[in-house]
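Please look over the sequence and the fold shown here before reading the report.

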Amino acid sequence: MKTRITELFGIEHPIIQGGMHFVGLADLAAAVSNAGGLGLITGLTQRTPEDLAKEIARCRTLTDKPFGVNLTFLPSVTPPDYPGYVKAIIDGGVKAVETAGNNPAKWMPMLKEAGVKVIHKCTSVRHALKAESIGCDAISVDGFECGGHPGEDDIPNFILLPRAADELKVPFVASGGMADARSLVAALALGAEGMNMGTRFMATVEAPIHENVKRAIVAASELDTRLVMRPLRNTERVLVNAGVERLLEKEKALGADLKFEDIIGEVAGVYPAIMQRGEMDAGAWSCGMVAGLIHDIPTCKDLIDRIMSEATAIIRGRLGGLLDS
Ligand SMILES: Cc1cc2nc3c(=O)[nH]c(=O)nc-3n(C[C@H](O)[C@H](O)[C@H](O)COP(=O)(O)O)c2cc1C
């Protein structure tokens, strides 16, 4: 399938694997790219720019297809070494970057000069327009359904995507709630030029995470996510577990007085325990409502091949058939 997104990134299928903390290692990025999508290494999961440089080099040994790096700009008192991470990306010859979390304006000149294509992930049309105005090549439009940080506007993709289509000139992909061929065809119908998936790619053979996490996603329904940190205006959609219930109790009890320090035990630094050691109640980890549509753990290639062949069948068969009859 050819869209403005496949052309922009030089990929075969319009499917991107979104950055995921402690999930987006070279193994997953390479598997997605080898299957014809765009895999992304998650920059900040690498503790230092030197570690990121090594992970980029490792990814090159696993694939000769294009892959990218996610760079998430977090609100933080002591920010990570962003200049170092950007340099590692450029020196590593990476030509695609997914930015998220905050306006990437400061880094655009460096990235553009190095010929890097920038896709900015955001949850509102106003932020998407801002990203377009500072020179981003594409947008990943993340609806309220998404795993991770859906922002504070709470606009689901059935509204957000056509709104983005009405306003944007640069191409965009649909992100949040995307799982299968139906998602892809719907996203295309709503004006997107492809889709970005997070949670769906966690439940794959190559995702370098504990089996307990993959099984938890397969077992979960669309009713099993919760929004945490709403009172802090840092909302995150996570899979419910004992740690999350504890966190929500604190949010309820403390109300407007809640501070980040009150919940630090449930949210800070819990990813290694969950993703690597499979301690499922250790705390809050991002997961989308789309868990309700995930029933298996295929290889990335089987998943992407299935999506593309079923999408063709939907477009040519079911939809085409509606017109013929
Ligand atoms: C476990 C997990 C970790 C994530 N970590 C990040 C991250 O570090 N940076 C980022 O920009 N997005 C992150 N995301 C968001 C994804 O890149 C993607 O936008 C989101 O998962 C899309 O929604 P979906 O899960 O419904 O597919 C994460 C998502 C998940 C599920």
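The model is predicted, so local features need pLDDT of at least 70 and side-chain atom pairs count only at pLDDT 80 or more, whereas totals for chains, interfaces and linings use all residues. Residues are numbered from 1 along each chain as its sequence is written.

An open sheet of 8 strands runs in the order β1-β8-β7-β6-β5-β4-β3-β2 with parallel pairing, and its edge strands, β1 (15-17) and β2 (39-42), each pair on one side only. The twist from one strand to the next averages 30 degrees. Strands (E, at least two residues) and helices (H or I, at least four) are DSSP runs numbered from the N terminus, and two strands pair if DSSP finds at least two bridges between them. Strands β7 and β8 pair in the parallel sense over 2 bridges, with A174 opposite M195 in β8.

Around the ligand there are 29 residues, the closest being G18, A100, G147, G198 and G288; a residue counts as near if its C-beta atom, placed from the backbone, lies within 6 Å. At least two residues of this shell come from each of β3, β8 and α9.

Helices α11 and α12 pack at an angle of about 170 degrees with their axes 9 Å apart, and they are therefore roughly antiparallel, a term for angles over 145 degrees. Axes are lines fitted to C-alpha atoms, for helices over the stretch in contact, and angles run from 0 to 180 degrees between N-to-C directions.

| Element | Residues |
|---|---|
| Strand β7 | residues 172-175 |
| Strand β8 | residues 195-197 |
| Helix α11 | residues 242-254 |
| Helix α12 | residues 260-267 |

Methods: Parallel < 35°, antiparallel > 145°, perpendicular 65-115°, else oblique.
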